[in-house]
Amino acid sequence: MGVVALLVTGSPAANAAEAQAPDVRYAHSASGDLGTLEVGISSDSAITGIRAHLVSAATQREVAVVETDAFGLVSGTADNGVWRTKKPLDLPDLGSYTVRIEATDADGDRSVDNSAGTLAYYVAAVFEDVRPDRTEIDTDHRQVRVDGTLKGRWPATRELKPLADHRVDLDVDYWTENTVHTDAQGRFSGTVTVNDAVPVQAVYRHDSANPYVMYGESASTPIDIRQVATRWTFDTPVEARTIDFGEQVTVTATLERETAQGWVPFEGQSGGVLYEASSGTHWASVGYFTTGADGKSATFTHTPGETGTFRVASHSDDPFIAPASANSAEITVLRASVFTSFSATRTQDGGVHVEGAMDFPDGWTPADIPVHIQYSRDGKRWTDLLTAQASWSGEGHAFSADIADARRGYFRARFDKTESFRGATSDAVRVGR
């Protein structure tokens, strides 16, 4: 019997779950509503009791006790939720209050957190009707006036009242550029200088003269820039032209800026010139410059390696000056092609055998080298007979062909101009019967 009794009395202790006291996660002012106390609590059963003790941080004295019926569940569940006071607290003084929380759950478990958080019982700074007098500036008009009204939301009533004689910072790109004071109606006005495309806003920051007003800021307003228009005009080359490989081209251009009186030369602007291949495969730097009093770039000479255009561009460190660029007319670069030999001889069967060779002395060779064999009775008017392909032979690009039943007259070879090579014609050879 003793053994059974021991087992019976021991069984409940082994299986009983440990009680969990409520866990007070935090206690603080509700966001945007500083007079409302918000408390987060979780437990293993529903929270049935919340009591908040408010202790002044300035005097360390308890100034108020908030009972359970003052709270309402605003999110979560009864065993893991957030409670807020149903209306703002009415305390005698503004300031900071340490919050001590007593919490009880449905199992009767109780916990006390003597430092659950802080009630920031302050006036919230609120901006109304903040507006700049312009949302776009230009190089001659960089001043922006900002007007608005600063009010305070009182924690006990949520009432908005003008804040008289309070400092307001006027920020440009999040840096304070001017500080003004409000009048008796909370209105303020001030001017800032804006030197770039940046936001402008009004900000209330902590002020020892008004220690119980919290930080506040207006919505920011972006200020855009109307840039001074600029444009480039090529002085040379002006028109499209074709040159031989190895030939130099002179380049110069003029920069102008737009004014109320029209376009005028723009002095002191830095830029550079490139030569861009029309194939898009590469570019080459031609030079850098600063424009003179006449708006002209420096004069450059460049030897293009292939067909392309010159590109001139400028960019100012002044954000009020628009960048500008332009491309010249196209420069077509053609490499030389020559016939180094050509012969035409009568064959025993009455035909004509022609052969010859070509050279491309400027370093490149066409991928395809069609050679047109031409005939003329009088050496003046020519007709194509056939096309032969020239190919590398070790000593040049050779070609040959046989013409059956060829009449007497003149024969020659012709290579037509391409995008990269000039055309060439061999000497004419007279063949008799």
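Modeller: Gladly, and keep in mind that the model is predicted. Let's start with Arg-412: setting aside neighbours within four places in sequence, its contacts are Phe-342, His-372, Ile-373, Gln-374, Trp-382, Thr-425, Ser-426, Asp-427 and Ala-428.

Colleague: Which element holds Arg-412, and with which side chain does the side chain of Arg-412 make a polar contact?

Modeller: Arg-412 belongs to strand 36. Its side chain makes a polar contact with the side chain of Gln-374, at 2.7 Å.

Colleague: What does Phe-342 contact, beyond its neighbours within four places in sequence?

Modeller: Among its contacts are Val-354, Ile-373, Phe-399, Phe-411, Ala-413 and Val-429. Arg-412 is there too, along with Glu-355 and Asp-427.

Colleague: Now the sheets. In what order do the four strands of the open sheet run, and is the pairing parallel or antiparallel?

Modeller: As a general point, strands of a sheet pair through backbone hydrogen bonds, in either a parallel or an antiparallel sense. In this open sheet the order is 30-31-35-34, with antiparallel pairing. Strand 30 (338-346) and strand 34 (391-392) are the edges, each pairing on one side only. Strand 34 joins strand 35 (residues 397-403) through two antiparallel bridges, and Trp-392 has His-397 as its bridge partner in strand 35.

Colleague: How does strand 9 pair with strand 17 and with strand 11?

Modeller: Strand 9 (residues 123-132) pairs in the parallel sense with strand 17 (residues 213-214), over two bridges; there, Ala-124 is bridged to Met-214. With strand 11 (residues 143-153), strand 9 pairs in the antiparallel sense over seven bridges, and Glu-128 stands opposite Thr-149.

Colleague: Let me try a loop residue. Is Ser-337 buried or exposed?

Modeller: With a relative accessible area of 7%, Ser-337 is buried, because that value is under the 20% cut-off. Ser-337 sits in the loop between strand 29 (331-334) and strand 30. A polar atom of its side chain lies 2.4 Å from the backbone oxygen of Arg-422. Beyond four places in sequence, Ser-337 also touches residues including Met-358, Phe-360, Phe-415 and Gly-423.

Colleague: And the whole chain: how is it divided into domains?

Modeller: The domains are domain 1 (23-121), domain 2 (123-225), domain 3 (230-334) and domain 4 (338-431). The centres of domain 1 and domain 3 are 73 Å apart. In total the chain has one helix and 38 strands. Its radius of gyration is 46 Å, well over the 22 Å from the globule rule for 433 residues, so the chain is more spread out than a compact globule. Its C-alpha atoms fill a box of roughly 140 × 90 × 25 Å along the principal axes.

Note on methods. Residues are numbered from 1 along each chain as its sequence is written. This is a predicted model: local features need pLDDT of at least 70, side-chain atom pairs count only at pLDDT 80 or more; totals for chains, interfaces and linings use all residues. Side-chain values use heavy atoms; hydrogens and water are left out. Two strands pair if DSSP finds at least two bridges between them. Buried means under 20% relative accessible area, exposed over 50%, partly exposed in between (1.4 Å probe, protein chains only). A polar contact is a pair of N or O atoms within 3.5 Å; within protein, one must be able to donate a hydrogen and the other to accept it, and residues adjacent in sequence count only if both atoms are side-chain atoms. Contact means heavy atoms within 4.5 Å. Domain bounds come from an automatic or database domain assignment. The radius of gyration is taken over C-alpha atoms; the globule rule is 2.2 Å times the number of residues to the power 0.38.
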